[in-house]
Amino acid sequence: MRLLLSKNKSFLIKDLTKDYHTQFGFIKKEDLKKSKVKTNKGIEFSIIKPQFIDLYKKIKRAPQIIPRKDIGLIIAETGIGKTSKVLDSGSGSGALAIMLANIVKTVTTYEIREDHLNVVKHNIKFLNLKNIKPHLKNIYEGITEKNLDLIVLDLPEPWLAVKHTIKALKPGAFIVNYSPTVPQIMDFMTEVNKYKELSHHLTTEIIQRDWEFEDRKVRPKSQMMGHSGFLTIIRKI
Ligand SMILES: C[S@@+](CC[C@H](N)C(=O)[O-])C[C@H]1O[C@@H](n2cnc3c(N)ncnc32)[C@H](O)[C@@H]1O
């Protein structure tokens with residue numbers, strides 16, 4: 001695969017045996033091996049080997065994914081890194097699992113729907129990641145893994161998973177719950193508060209406001225992502 005990069009646009013080229021067509025003109029297949037090319041309309045592109053983030057942005061989507069702004073907070077608040085073992089459920093499209101697998105030691109991911117799990121497997125293969133284990137499994141029935149550093153819950157009824165997390169986590173490890181609505185975080189916290197081993201660390205939401213730069217028109221974009229989800233971080237004590 002190759003990535004075509006210009007100032008304003010990028011294109012992922014999966015098939016290098018055919019000419020590549022864009023709205024800026026086409027590039028002959030012989031030229032796809034070069035590092036700089038011009039389309040037949042004279043628009044210049046660099047050609048690079050796609051990096052993790054270029055492929056990540058092109059993963060298949062089934063259910064709604066956790067946005068990158070929220071994944072950033074999960075990483076920064078829990079401090080997970082190259083020795084960490086993480087469990088994620090439900091896998092959904094695998095977006096969170098894939099981003100975490102790029103920085104931690106292992107990710108296990110549980111998904112109840114086979115059609116969603118097939119999308120996850122497709123995405124893992126697309127990024128050629130070897131440290132994610134996808135399972136067709138209902139997390140409300142239990143967690144097999146032990147000594148985990150982090151469990152992330154992105155589920156309709158996350159409170160049903162709480163009782164299983166305690167034995168699966170190391171002391172000092174974290175649960176991050178991601179829920180779009182207030183009643184979900186209320187029911188989740190009611191369940192968390194039943195366990196002396198679990199302490200509330202933070203509930204927050206991240207609002208990201210992107211800006212545009214066009215000559216002297218430097219200002220926030222009119223369109224922004226509204227609400228995505230609330231992040232609740234719990235620590236096993
Ligand atoms: C919003 S999606 C998760 C998206 C995912 N975090 C991502 O970034 O791609 C929620 C997923 O949880 C799955 N799910 C629902 N209940 C579950 C359960 N009890 N055990 C495992 N997965 C479950 C759903 O099928 C759905 O795919």
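1. Tyr-110 stands opposite His-135 in E9. Strands pair here if DSSP finds at least two bridges between them. Strands (E, at least two residues) and helices (H or I, at least four) are DSSP runs, numbered from the N terminus.

2. On provenance: this is a predicted model, with local features needing pLDDT of at least 70, side-chain atom pairs counting only at pLDDT 80 or more, and totals for chains, interfaces and linings using all residues. Residues are numbered from 1 along each chain as its sequence is written, and side-chain values use heavy atoms, leaving out hydrogens and water.

3. The sheet is open and has 7 strands, in the order E9-E8-E7-E10-E11-E15-E12, with mixed pairing. Its edges are strand E9 (132-136) and strand E12 (198-204), each pairing on one side only. Neighbouring strands are turned by 15° against each other on average, direction ignored.

4. Helix H6 (residues 182-192) lies across E10 (148-153), E11 (169-179), E12 and E15 (230-236). The helix runs at about 10° to E15. Axes are lines fitted to C-alpha atoms, for helices over the stretch in contact (heavy atoms within 4.5 Å). Angles run from 0 to 180 degrees between N-to-C directions.

5. Lys-9 sits in the loop between strand E1 (2-5) and strand E2 (10-13). Is Lys-9 buried, partly exposed or exposed? Lys-9 counts as partly exposed because its relative accessibility is 36%; buried means under 20% relative accessible area, exposed over 50%, partly exposed in between (1.4 Å probe, protein chains only).

6. Leaving aside neighbours within four places in sequence, Lys-9 contacts Leu-4, Gln-23, Phe-24 and Phe-45.
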